[in-house]
Amino acid sequence: GKRVIRKILIANNGIAAVKAIRSIRRWSYEEFADERLVSFTVMATPEDVAANAEFVRLADTLVSVPGGSNNKNYANVDLIADIAE
């Protein structure tokens, strides 16, 4: 297609989120000489924010989600779809 992706929602936490952000930023720099061409919105629980998690620090935008088990946040497909819209 011809649609340019400028913003990505990371619906994960920890090292997976960090690797995704770093990999896409590296690719963006290598291909377009601009590592900030794609912006990242991350979902983060209060626990992630309190821990000053690396994926939160790397993100451009933060969306707060409920803490607790993953079915309340990172594995909640309805919540992820609502945020993505």
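Close-up 1. R22 comes out as partly exposed, at a relative accessible area of 44%. E54 also counts as partly exposed, with 31% relative accessibility. In this predicted model, the two side chains meet in a salt bridge, 2.2 Å from N to O. This pair ties together distant parts of the chain: R22 belongs to helix α1 (residues 14-32) and E54 to helix α3 (residues 54-58), 32 residues apart.

**Close-up 2. R25 reaches D60.** Here the side chains of R25 and D60 form a salt bridge, with 3.1 Å between N and O. Again, distant parts of the chain are linked: R25 sits in helix α1, while D60 lies in the loop between α3 and β3 (61-64), 35 residues apart.

Close-up 3. The R36 and D60 side chains make a salt bridge at 2.8 Å, N to O. R36 comes from the loop between α1 and β2 (39-44) and D60 from the loop between α3 and β3, so to speak a link between distant parts of the chain, 24 residues apart. With a relative accessible area of 46%, R36 is partly exposed.

**Close-up 4. R25, R36 and D60 as one network.** Salt bridges with shared partners join these three residues, R25, R36 and D60, into a single network. Searching the whole structure turns up 3 salt bridges.

Conventions:
Residues numbered from 1 in each chain as written. Predicted model: local features only at pLDDT ≥ 70, side-chain atom pairs only at ≥ 80, totals over all residues. Heavy atoms only, no water. Salt bridge = Lys/Arg side-chain N within 4 Å of Asp/Glu carboxyl O. Helix = DSSP H or I, 4+ residues; strand = E, 2+ residues; numbered from the N terminus. Buried < 20%, exposed > 50% of the residue type's maximum accessible area, 1.4 Å probe, protein only.
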